[in-house]
Amino acid sequence: MPSPPSGRCRDATRGGGAWAVTPARRRRGSDAGSAGLDRGRRRRPARGMAMFRSLVASAQQRQPPAGPAGGDSGLEAQFSCPICLEVYHRPVAIGSCGHTFCGECLQPCLQVPSPLCPLCRLPFDPKKVDKATHVEKQLSSYKAPCRGCNKKVTLAKMRAHISSCLKVQEQMANCPKFVPVVPTSQPIPSNIPNRSTFACPYCGARNLDQQALVKHCVESHRSDPNRVVCPICSAMPWGDPSYKSANFLQHLLHRHKFSYDTFVDYSIDEEAAFQAALALSLSEN
């Protein structure tokens, strides 16, 4: 009589003609089934990820190609000089902060001993002002609608177009006329404090603007231990002319990194300035 196949035994109750599956065979079958289930589970995430990627790819194909921020309507503002508020003309960029201006607009800032960026007020090296070639390429590539006739013009030619556009000339004719200030015969008050130049509190050197005062004190009085009054703070409406700073150099470097003229209205008191700043903050949010 033939021997039963591996993994099977003869079932004595059924006359020897049937073969019964042993528990070992059932275990092997169960293991195989669970392995197939695991493979199916592994395949389903892979198929799901492939479907997700295909959906993303199709959505990207339906999207229009990305362009400059703001679209055509905001292009002129995006490529306008912060000083003259017109489209850049021969743009230059400050190396330290990266801000861009028309070359001609930035020239007055380059004539002072310690120039500051007109936008962020950070000091910069005049020798590290370079031609903004990447901006010039963008000016030649992008077009924007004219603010008068709505005709699309290359940004590099926008200034020339606006100067000859009749619609723009009509808009300018309707603007309020500039009335120059009439000279007055009244004497200038003598009690207005000088907030443009200062004297060194250590040696008395005069006619130093804020940046020159910082540079002078760092170079000439770095190791001076004397307590002195800050001439910048004492010239402010809220300043205390009798308060002596224990570490004047650190005070200069941390407190006077910017010019108060940029942010302060000297004609109002401190409480009114605080309320104005709070109202402006709420309106922006």
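Author: Here is a short walk through salt bridges, cores and a surface patch. This is a predicted model, in which local features need pLDDT of at least 70, side-chain atom pairs count only at pLDDT 80 or more, and totals for chains, interfaces and linings use all residues. Residues are numbered from 1 along each chain as its sequence is written, and side-chain values use heavy atoms, with hydrogens and water left out.

Reader: How many salt bridges does the structure hold?

Author: A salt bridge is a side-chain nitrogen of Lys or Arg within 4 Å of a carboxyl oxygen of Asp or Glu. There are three here. In one of them, R147 pairs with E76, with the closest N and O atoms 2.4 Å apart. R147 also meets E86, at 3.4 Å from N to O. In the remaining case, E136 pairs with K131 at 3.8 Å. Through shared partners, E76, E86 and R147 are joined into one network.

Reader: Is E76 buried or exposed?

Author: Buried means under 20% relative accessible area, exposed over 50%, and partly exposed in between (1.4 Å probe, protein chains only). E76 has 12%, so E76 is buried.

Reader: What does the side chain of S80 reach?

Author: That would be the backbone oxygen of E76, at 2.3 Å. S80 itself is buried, with a relative accessible area of 15%. Contact means heavy atoms within 4.5 Å; leaving aside neighbours within four places in sequence, S80 is in contact with L85, E86, V87 and Y88.

Reader: How do I read a nonpolar core, and which residues have the most contacts inside the largest one?

Author: In soluble globular proteins, nonpolar side chains tend to be buried together. A core here is a set of buried Ala, Val, Leu, Ile, Met, Phe, Trp, Tyr and Cys residues joined through side-chain atoms within 4.5 Å. The largest has 27 residues, and F79, Y88, I94, L106, L139, L155 and M158 have the most contacts inside it. A second, separate core of 16 residues includes F198, C200, Y202 and V228.

Reader: And which residues form a nonpolar patch on the surface?

Author: Patch members have over 30% relative accessible area and no salt bridge; like charges are joined within 9 Å, nonpolar side chains (Val, Leu, Ile, Met, Phe, Trp, Tyr) within 5 Å. F274, L278 and L282 form this one, with about 320 Å² of accessible area together (Shrake-Rupley method, 1.4 Å probe; for residues, only the protein chains shown count as cover). L282 counts as exposed, at 61% relative accessibility.

Conventions:
A polar contact is a pair of N or O atoms within 3.5 Å; within protein, one must be able to donate a hydrogen and the other to accept it, and residues adjacent in sequence count only if both atoms are side-chain atoms.
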